[in-house]
Amino acid sequence: MIPYSRQSINEDDIAAVTAVLRGDWLTQGPAISAFEKALAEYSGAKFAVAVPNGTAALYIAYQALGLKEGDELITTPNTFVATSNMALALGVKPVFCDIRSDTRNIDETKIEALITKKTKAIVPVHFAGHPCAMDAIQAVAKKHNLFVIEDACHAIGAEYRGKKIGSLSDMSVFSFHPVKPITTAEGGAILTNNEDWYKKMLILRTHGITKDPKKTEAIGKWYYEMVELGFNNRITDIQCALGLSQLKRLDGFQAKREAVANRYFEALRGESRVILPVRLPDIKHSWHLFAIQVKDSSKRKAVFDYLQKNGIGVQVHYIPVHFQPYYQKLGYGKEKYPNTEAYYAGALSLPIYPDLTRADQDFVIQKLVEALDL
Ligand SMILES: *Cc1c(COP(=O)(O)O)cnc(C)c1O
C-alpha cells in the first residue's frame, strides 16, 4: 500500500531514541526542554510547550487564553474535528466560517460578519500546509480585540511573507502525528511569544500544579499547589528525542515534499478533469497534503475506490465538521458553507511524503488517469 502520508525514520532518529532509553529520564527530563527550545528557534517564536498530541495542544492554548463557557471562536469547517471539538470541551461555541475555494483556507473576508459580543478568538487552519491570509486575519482580530490561535498542525516549516509559521500569532499549534511534517509518534506543541501564557501552559500541562519557591522554602520541599484544572498532558523524553532528531531533518523533508508536489503539477497540468491545489505568492507551502478535486464530483467515489483497489491509500480531507452527527445534534446542520461543501464533494488527497519514490508516484499518476477514464 502507498499511503497518503507517512513518517520517515532513519538511523539518527533511532539512535536518538535509544540514547534516551539507556539514560535516566524517560519522561520529565532534559529532552523535553531541548525539543521545545529547538522548536521555538526553528519557528522564530519565543516559547514552545510540547504536549502529547495536537488535540491537547489546542485545548491548552484555548484554556491558557481564558476561553470559557459562553465564549465563541471562529474557525473553518474544513478541518479535523479536533479544532472545534476542543472549543466544545471548554464550553466554547465554535462558529464556522466558509473557506476560499482556491486555498481551502478560512475566507478572511467572511470573518468579520460572524463576530458577536461573545467572540473571543479566530482559529485559522493552514489547510494542507498553505498559510492563511494572516495579515487580513490579524487586522480583523486587532480591530475587534480577538485572539488568534493558528491551527498549524499541517504547517510547521511553511512560511507567510518570509516568516515561519509558528511566530505570527498569539498562539500556534503543531501536531507530530506520523502523517504530519515531522513526528514524535504522537505529539504536539504550542508556540507563543507571550511569557505569561507560556508559564500558564507549563502549569496546565501538568494537572494545573505549580511550585512556588518561596512557599516550598517556608512550608517544605514537598509542597505544591493546584491552581488550575488541568490534565496529565506531559509528553515523554523518548518522544522529544525523536522530535529533536526529526526537526533537524525537516528542511530536507520539505524539499522532498515540494519535489513530489512539483511532479504532480507537471504530470497533471493538462488534466482538465481535476482541480489542482494553488500556491499564492508570498508563501511557502509545507505540502502536508496534495489535495486535488475531481471536477465531476459524482465520479469521486469511483476514483477513490479504484485507487484504493490498486494499493494507493488516497484519503479525503476533510468531511466538513458541520456534517458530523455530533455537530448536527447541536444544531449545526442548518447553516450552509457552499465553498466547503463543494470542495468536499470532489476532494481527494494524493500520496505525498519525503520517501515516496518516483516509481510509486508515477504509478499513482498512471492509476489516477485510468480512474478518471472510467
Ligand atoms: C492532526 C490535526 C489535529 C490534531 O492533532 P493530533 O496530534 O492528531 O491530536 C488538529 N487539527 C488539524 C488540522 C490536524 O490536521
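Searching the whole structure turns up 19 salt bridges. Keep in mind that this is a predicted model.

**D13 and R249**
- The side chains of D13 and R249 meet in a salt bridge, with N and O 2.6 Å apart.
- D13 sits in helix α1 (residues 11-21) and R249 in helix α8 (residues 237-268), so this pair ties together parts that lie 236 residues apart in sequence.
- D13 counts as buried, at 0% relative accessibility.
- R249 is buried too, with a relative accessible area of 18%, which falls on the buried side because the cut-off is under 20%.

**R100 and E108**
- R100 pairs up with E108 in a salt bridge, and their closest N and O atoms are 2.8 Å apart.
- R100 is buried, its relative accessible area being 18%.
- E108 is buried as well, at a relative accessible area of 15%.

**R161 and D135**
- R161 makes a salt bridge with D135, where the closest N and O atoms are 2.3 Å apart.
- R161 belongs to the loop between β7 (159-160) and β8 (163-164), while D135 is part of helix α5 (residues 134-143), so the pair ties together parts 26 residues apart in sequence.
- R161 counts as partly exposed, at 48% relative accessibility.
- D135 is likewise partly exposed, with a relative accessible area of 42%.

- As background, side chains of opposite charge can pair when their charged atoms come close.

**K334, out in a loop**
- You'll find K334 in the loop between α10 (325-329) and α11 (338-346).
- K334 is exposed, and its relative accessible area comes to 70%.
- That puts K334 in the exposed class because the class takes in anything over 50%.
- K334 and F80 are 254 residues apart in sequence, and their C-alpha atoms are 20 Å apart in space.

Methods. Residues numbered from 1 in each chain as written. Predicted model: local features only at pLDDT ≥ 70, side-chain atom pairs only at ≥ 80, totals over all residues. Heavy atoms only, no water. Helix = DSSP H or I, 4+ residues; strand = E, 2+ residues; numbered from the N terminus. Buried < 20%, exposed > 50% of the residue type's maximum accessible area, 1.4 Å probe, protein only. Salt bridge = Lys/Arg side-chain N within 4 Å of Asp/Glu carboxyl O.
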